[in-house]
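Subject: Structure handover

Hello,

Here is the structure you will be taking over. Please open it first, then read the notes below.

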Amino acid sequence: MLGLHVEEIEITAQTNGGLFSVNIPLKKGLNIIRAENSSGKSTCVNAIAYGLGLEHILGPSRKRPFPKSLYEEIFNNKEEQNPFFVSRSGVSLMVDNHKGRKARLSRDIAGNENKITVVENETSEDYFLGVSGNVGSAKSEKGFHYWLADFIGWKLPDVVTYEGKEVKLYLECIFPLFFIEQKRGWSEIQANIPGHYGIKNVKKAAVEFCLGIDGFEQEKKVSALRLKIEESESEWKNIIAMAENVADFHEIKVSATPLIENYSSASKIEYYYLEGDAEISIQGQEIALKRQLELLNRGISNAIPQNEKVLEQQALLRGIRRNIDERAESIELAMMAVNETETKLKILSHDLDQYQQLRKLKSVGSDISDDLDTQKCPICESDLYDTLGERSVKRQPMTLEENIEFLKSQIDFFESVMSRNVTQLRERQKQSGLLNRQLQAEAAKLEKMKEDIDDINGATRELIRERILVENSLSEAQKLRQTLEELNDRASSAFHLWSISRESLRLLRKQDGSPDSMTVIRELEAIIKANLSAFGFNPSAINSISISLQTFRPEQEGYDIVAETSASDYIRIIWSYTLALMELAGTKDGIKHGGFVVFDEPRQHEASRISFASLVEKAAEAGKYNGQVIFATSLDEDQLISACTNKDVNLFCFDNYILRLQGDKADVPEGVAESPRAEDSSGQQESGV
């Protein structure tokens with residue numbers, strides 16, 4: 001479906017000396033505006049983008065894509081150069097859509113440029129551009145781009161930004177496929193696609209929209225799944241951090257899987273109390289505390305001697321101190337291992353750096369043989385052998401590349417050793433802290449026992465105090481078990497969402513394009529190749545060109561076609577691709593296109609005359625499928641007329657400034673008539689501007 005056609009371009013500038021203006025009627029098929037450089041031809045084609053509120057497609061710094069002649073002062077002609085001061089200027093476009101609906105669009109250049117007035121069926125209405133409050137012109141019913149998308153017949157899809165938000169695939173992101181401006185537009189396909197919206201894979205999304213491929217929907221699904229995976233992993237880190245904080249607060253040990261991918265039903269989060277060398281689970285602690293409470297309740301009326309309990313407590317303290325000493329020794333050994341590994345890594349990294357520098361020297365032609373002499377020991381200068389045993393055979397030392405690869409493998413190995421040693425060190429330091437806190441608690445308990453020995457009611461008071469402590473410990477253990485269950489429920493939910501999202505993402509990535517999508521891609525590829533052949537592209541190179549399924553743009557044998565072709569060849573590729581999109585939309589249902597193509601100075605990089613003549617012929621054929629092509633060129637007038645002979649071309653040639661002072665008959669530009677039509681055997685010509 002071809003969205004719209006431009007029937008007329010009108011540019012006006014009100015000055016202190018009168019009105020400057022130009023009116024260019026356009027038709028379907030090929031329209032060419034010819035003028036010398038700095039005469040206003042680019043102004044005419046840029047007026048199309050500006051009148052549609054799409055000036056961002058003219059480049060990142062082209063907010064006002066016109067010369068100062070439309071803002072400050074304008075000259076009457078190149079010969080006299082009389083200045084006139086501009087007070088107001090504007091653009092007016094007459095457009096129609098595929099349903100025959102017509103509208104005139106008017107926008108100020110010097111004036112209120114954030115408003116476009118639409119006159120349709122003799123009814124005038126103003127629409128805003130840009131953003132009003134929190135709503136942009138593509139979403140608000142009062143926004144011009146909302147009106148324009150409806151006029152073209154498009155429902156703009158939602159796409160995903162790099163921040164994970166959903167926004168519209170704005171018109172400015174689509175029209176660079178149809179509008180090739182002079183300065184940057186010929187550098188690559190979709191050269192001027194705006195990046196300030198932050199849309200992921202925006203170039204691909206634009207082509208997918210035009211070709212009717214639901215790739216952006218898949219991109220949204222991929223982005224949503226990635227977000228779920230990231231949220232699950234973040235939730236997992238929070239759960240593990242909370243579990244460790246709870247363990248530190250209660251001075252107990254936690255067993256938790258640090259990485260979500262290593263989680264399983266058999267590796268749930270667990271808490272353990274330290275009793276000497278033993279580790280007691282929460283469930284085991286609850287059972288032990290309940291039994292102890294029963295014994296205390298039964299023995300509360302009997303005075304039990306404290307000496308044995310004191311001795312048992314002293315023995316417990318000795319055991320804890322012994323564990324602390326052993327832990328301190330293991331921490332010291334672990335620290336030594338970390339330091340030794342760190343030293344080894346520094347040496348290996350230094351050696352690797354030296355060898356890589358030697359390789360760089362070698363690559364630039366330097367003789368580095370002396371730097372690689374390993375025949376003698378650098379310490380004692382004795383011969384080096386590859387064994388401590390029999391010395392009758394010496395082995396050739398490793399090459400430079402072998403040394404580099406060996407050092408890299410050694411660094412990888414020792415980095416894994418370092419990671420393991422650091423983990424062990426932290427675990428031992430944590431256990432040592434738990435033991436020290438346990439020692440303090442048990443030492444305080446021993447002091448209470450000693451105080452009770454000399455008190456006649458000490459035994460009874462100690463039993464009461466111990467029962468209270470046991471009851472509190474039991475209540476704490478029960479609350480801790482509830483916290484543990486909640487943490488494991490959260491961990492299980494996070495892992496479940498993570499695993500489902502990962503599997504869904506894997507299956508989504510395995511899906512290939514639908515058969516209909518592949519048919520569209522192959523049809524586009526065939527039209528592009530036919531165009532390239534018509535434009536004189538190397539036949540053997542044409543066979544190696546295809547449409548990339550990753551970008552939906554031309555590639556050559558799987559590589560970026562920009563890097564694989566000359567500048568003039570790439571210009572012909574842009575011609576072929578841009579016209580192919582319009583032809584496909586004009587001949588096949590379900591394909592979307594703006595309806596017109598604009599080429600500003602299409603003969604870039606001195607593309608051959610033969611190729612340009614073929615371009616004119618191919619562009620003129622666009623009328624057969626209701627397409628519209630608009631060229632702006634400074635090509636020599638005789639050459640241009642020769643290229644247009646016997647072709648259906650609407651040709652406008654200007655010998656002076658295109659915008660002229662109205663009423664100055666002496667300065668009215670001489671119009672060059674339309675070139676003879678192929679079917680016009682009489683040779684009569686229609687008038688141009």
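Start with helix α4, residues 202–211. It is mostly covered, with 8 of its 10 residues buried. Which residues of α4 are buried? They are Val202, Ala205, Ala206, Val207, Glu208, Phe209, Cys210 and Leu211. After α4 comes Gly212, and its phi is positive, near 75°.

A word on the whole. The model is predicted. The protein has 689 residues, and 45% of them are buried. Its secondary structure comes to 15 helices and 23 strands. Take the contacts between residues at least 6 apart in sequence: 67% of these join residues at least 24 apart. The accessible surface is about 36000 Å². Carbon and sulfur atoms account for 48% of that surface.

Next, a sheet. Three strands make up an open sheet, in the order β14-β15-β16, and they pair antiparallel. Which strands are at the edges? They are β14 (253–255) and β16 (278–281), each of which pairs on one side only. Neighbouring strands in this sheet are turned by 40° against each other on average, ignoring direction. As a general point, strands of a sheet pair through backbone hydrogen bonds, either parallel or antiparallel.

Look at one pairing in detail. Strand β15, residues 270–275, pairs with β16 in the antiparallel sense over 4 bridges. Glu275 has its bridge partner in β16, and that partner is Ala278. A helix also packs on this sheet: α6, residues 282–298, touches β15 and β16. The direction of α6 makes about 85° with that of β16.

Is Gln628 buried or exposed? Its relative accessibility is 1%, and buried means under 20%, so Gln628 counts as buried. Where does its side chain reach? The side chain of Gln628 comes to the backbone oxygen of Lys27, at 3.0 Å.

Please reply with any questions.

Best wishes

Notes
Residues are numbered from 1 along each chain as its sequence is written. This is a predicted model: local features need pLDDT of at least 70, side-chain atom pairs count only at pLDDT 80 or more; totals for chains, interfaces and linings use all residues. Side-chain values use heavy atoms; hydrogens and water are left out. Helices (H or I, at least four residues) and strands (E, at least two) are DSSP runs, numbered from the N terminus. Buried means under 20% relative accessible area, exposed over 50%, partly exposed in between (1.4 Å probe, protein chains only). Contact means heavy atoms within 4.5 Å. Accessible areas come from the Shrake-Rupley method with a 1.4 Å probe; for residues, only the protein chains shown count as cover. Two strands pair if DSSP finds at least two bridges between them. Axes are lines fitted to C-alpha atoms, for helices over the stretch in contact, and angles run from 0 to 180 degrees between N-to-C directions. A polar contact is a pair of N or O atoms within 3.5 Å; within protein, one must be able to donate a hydrogen and the other to accept it, and residues adjacent in sequence count only if both atoms are side-chain atoms.
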